Amino acid sequence: MNAVFPTPDTADSERLLTPDELEAALRDIGARRYHNLHPFHRLLHDGKLSKDQVRAWALNRYYYQAMIPVKDAAVLARMTDASLRRIWRQRIVDHDGDHEGDGGIERWLKLAEGVGFDRDYVLSTRGILSATKFSVEAYVHFVSEKTLLEAIASSLTEMFSPTIISERVAGMLKNYDFITKDTLAYFDKRLTQAPRDADFALDYVKQHATTPELQRRAMAALTFKCNVLWTQLDALYFAYVAPGLIPPDAWQAGEGLVAEPAQVQAAGGRKTAPGDRPRLPRGVRLRNDETRGKYVLLAPERTFDLDDNAVAVLKLVDGTRSVADIADELGKTYAADPRAIEADILVMLDGLAEKRVLER
Ligand SMILES: O=C(O)c1cc(C(=O)O)c2c(n1)C(=O)C(=O)c1cc(C(=O)O)[nH]c1-2
């Protein structure tokens with residue numbers, strides 16, 4: 001499709017820039033428009049997002065990753081020169097890998113799994129924002145329809161990606177306890193792939209943008225691509241940060257995750273152990289409800305009915321006795337095997353921790 005509203009020519013675009021001036025102009029576009037400047041990335045890198053907001057980012061960006069080789073295949077299809085194709089095809093190999101389980105897409109799936117997603121849910125692309133899809137698909141269409149020079153120039157955002165990647169990896173590792181080096185392994189390879197790709201594309205553009213018009217098109221292509229990246233973050237920000245309007249069918253917190261046993265999750269990833277010294281959290285109390293003639297556990301805005309066994313245990317829960325101590329005392333009181341009682345108590349306490357009315 002040809003542009004319906006062409007970019008107005010400026011006096012400057014009438015002059016042929018030297019290759020170095022062209023490079024400077026391209027770098028200037030990045031300095032003003034690259035997605036490192038977007039507020040969503042600032043929040044992501046500074047540790048200001050919740051785990052669910054990081055998940056929304058990982059899920060949506062999967063679509064970009066998955067479509068990059070489709071984009072590169074479209075670029076490849078425009079190349080009539082075998083020597084060019086030989087170089088460009090490496091990009092497809094980088095993302096698809098040489099065999100099952102290899103390549104950038106696979107590493108992104110690992111990243112998504114690392115933040116809790118079920119792999120098949122991510123692969124299905126079901127919860128991905130329509131705006132993400134539109135934006136990524138616009139990139140694929142752009143390289144299919146524009147000239148080869150513009151297609152190659154649109155990849156030049158990669159000139160700026162090593163800086164943002166280093167900043168992102170350092171920031172996320174420092175600021176999120178659920179992010180590990182393994183989760184972010186995707187970015188390790190990009191630190192060498194991106195400069196290699198960007199150097200090639202930049203040389204190509206500097207050599208082939210030989211008229212003011214071609215130079216203007218190359219700059220417009222890079223601007224377009226900056227917008228492809230920027231609008232993906234706009235969409236994430238709008239849906240998951242502010243105003244927080246999640247479109248129908250887009251991913252909602254809790255969806256598409258690998259199920260963890262609820263009580264393990266609530267207890268910070270572990271079960272109650274005999275050495276734990278359980279206590280009631282602030283605002284939770286054991287109360288004798290005189291009118292009903294039974295004990296209840298009172299929590300803010302919630303009340304839990306308790307059976308006799310639970311009452312006997314909770315009367316001994318004081319933050320100093322261990323579970324084993326409690327079992328020993330009850331063993332004496334009821335003349336029963338304390339280790340059998342302990343096993344029952346552990347299950348009961350896990351249940352209470354799951355409801356967030358017990359801490360260890
Ligand atoms: O993490 C980033 O900020 C970032 C940015 C870009 C980019 O600037 O387009 C790419 C990537 N990552 C990336 O991982 C990647 O594979 C990639 C391919 C391309 C492209 O246009 O062909 N850009 C990017």
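Colleague: Which residues are buried in H4, and what does "buried" mean here?

Modeller: In this predicted model, Leu84, Trp88, Arg91, Ile92, Asp94 and His95 of H4 are buried, a word used for residues with under 20% relative accessible area, whereas exposed means over 50% and partly exposed lies in between (1.4 Å probe, protein chains only). Among the elements covering these residues are helix H3 (51-78), helix H5 (104-114), H8 and helix H10 (185-208).

Colleague: What makes H4 a helix, and how does its reach compare with the expected span?

Modeller: Helices are DSSP runs of H or I with at least four residues, strands are runs of E with at least two, and both are numbered from the N terminus; H4, residues 82-96, has 15 residues. The expected span is 1.5 Å times one less than the number of residues, and H4 reaches 21 Å from its first C-alpha to its last, close to the 21 Å expected. Just after H4, glycine 97 takes a positive phi of about 80 degrees.

Colleague: Which rules lie behind such values?

Modeller: Residues are numbered from 1 along each chain as its sequence is written, and side-chain values use heavy atoms, with hydrogens and water left out. Local features need pLDDT of at least 70 and side-chain atom pairs count only at pLDDT 80 or more, while totals for chains, interfaces and linings use all residues.

Colleague: Why is serine 154 called buried?

Modeller: Serine 154 has 0% relative accessibility, and therefore counts as buried. Its place is in the loop between helix H8 (148-153) and helix H9 (161-175). Leaving aside residues up to four places away in sequence, serine 154 touches Tyr139, Phe142, Val143, Ala221 and Lys225, where contact means heavy atoms within 4.5 Å.

Colleague: How do you know where the buried residues of H14 lie around its axis?

Modeller: The buried residues of H14 are Val323, Ile326, Ala327, Leu330 and Gly331. Seen down the axis, these residues fall within an arc of 140 degrees, so they line one face of the helix; the arc is that of the directions from the helix axis to the C-beta atoms.

Colleague: How does the radius of gyration of the protein compare with that of a compact globule?

Modeller: The rule for a globule is 2.2 Å times the number of residues to the power 0.38, and the radius is taken over C-alpha atoms. For 360 residues a compact globule would come near 21 Å, but the protein has 29 Å. Its C-alpha atoms fill a box of roughly 95 × 40 × 30 Å, taken along the principal axes.
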